[in-house]
Amino acid sequence: MNMNAPSTSFDGGCTCRQVRYRLTSRPLFVNCCHCRWCQRETGTAFALNALIEADRVQLLAGEVEVVDTPSNSGKGQRISRCPTCRIALWSNYGGGGDAIRFIRVGTLDDPDRFPPDVHIFTASKQPWVVLPPGTPAVAEYYKSSELWPAESLERRAAALARVPPR
Ligand SMILES: [Zn+2]
Ligand SMILES: [Zn+2]
């Protein structure tokens, strides 16, 4: 056993197993997005995204293909997909630049580890989805400074300083 290995890492990948990746720490925050755009892109009721610094995502196998995709904000998002099975593994949004990746939680080997920290865009939540009490929920978006733990805010600030937004 490598004693220098981080104590927490989380592996994931696409359906055909060509692309495999590893998160080298816990994510910053987990957004569950109920917007119409996420509903369309997933073909289901919401998207579950674990936000993490780009340099904490290691590619273990394969390469991703980046697909420029329109987004609700108008700034676009860049979705990284397996070039063979086309499963979306993560995306970057225009506003956040390349520093922060939005990992699709469902592509992790153990997606149960990261339940939502917040439900967003609940104004367009599908009516049958019943949100759990105790998890913050907002009609649209929120200020990170109001919901994120201090450690995550510090990590994000450090990541943005390393990789300035485009
Ligand atoms: Zn694949
Ligand atoms: Zn969304």
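This is a predicted model: local features need pLDDT of at least 70, side-chain atom pairs count only at pLDDT 80 or more; totals for chains, interfaces and linings use all residues.
For comparison, the ideal angle for four tetrahedral donors is 109.5 degrees. As for accessibility, Cys14 is buried, at 6%, while Cys16 is partly exposed at 36% and Cys85 is partly exposed at 25%.

With cysteines in view, how many disulfides does a search of the whole structure find? The search returns 0. Cys32, for instance, takes part in no disulfide, and the nearest cysteine sulfur, which belongs to Cys33, is 7.7 Å away. Cys32 is also buried, with a relative accessibility of 2%.

I turn now to the interior. In soluble globular proteins, nonpolar side chains tend to be buried together. Here the largest nonpolar core has 16 residues, and those with the most contacts inside it are Tyr21, Leu23, Val57, Ile103 and Leu108. Strands E2, E4 and E8 are the elements that give two or more residues to this core. If we take Val57 and set aside its neighbours within four places in sequence, we find it in contact with Tyr21, Arg22, Leu23, Ile52, Trp90, Arg101 and Ile103. Another core, of 15 residues, lies apart from that one, and Phe29, Cys33, Ala47 and Leu51 are among its members.

Finally, the salt bridges, of which a search of the whole structure finds 8. One of them joins Asp55 to Arg162, with the closest N and O atoms 3.0 Å apart. This pair links distant parts of the chain, with Asp55 in the loop between strand E4 (47-53) and strand E5 (57-61) and Arg162 in helix H3 (residues 150-162), 107 residues apart. Arg162 is partly exposed, having a relative accessible area of 47%.

A further salt bridge pairs Arg86 with Glu65, and here the closest N and O atoms are 2.3 Å apart. Arg86 sits in the loop between strand E7 (77-81) and strand E8 (88-93), and Glu65 in strand E6 (residues 65-69), 21 residues apart. Both residues count as partly exposed, Arg86 at 43% relative accessibility and Glu65 at 32%.

Which residue does Arg78 meet in a salt bridge? The partner is Asp98, at 3.8 Å from N to O, which falls inside the 4 Å cut-off used for a salt bridge. Arg78 lies in strand E7 and Asp98 in the loop between E8 and strand E9 (100-104), 20 residues apart. Arg78 is partly exposed at 27%, as is Asp98 at 28%. Lastly, Glu53, Arg56 and Arg155 are linked in a network of salt bridges.

Technical notes
Residues are numbered from 1 along each chain as its sequence is written. Chains are lettered from A and ligands numbered from 1 in the order in which they are written. Side-chain values use heavy atoms; hydrogens and water are left out. A salt bridge is a side-chain nitrogen of Lys or Arg within 4 Å of a carboxyl oxygen of Asp or Glu. Helices (H or I, at least four residues) and strands (E, at least two) are DSSP runs, numbered from the N terminus. Buried means under 20% relative accessible area, exposed over 50%, partly exposed in between (1.4 Å probe, protein chains only). A nonpolar core is a set of buried Ala, Val, Leu, Ile, Met, Phe, Trp, Tyr and Cys residues joined through side-chain atoms within 4.5 Å. Contact means heavy atoms within 4.5 Å. A disulfide is a pair of cysteine sulfur atoms within 2.5 Å.
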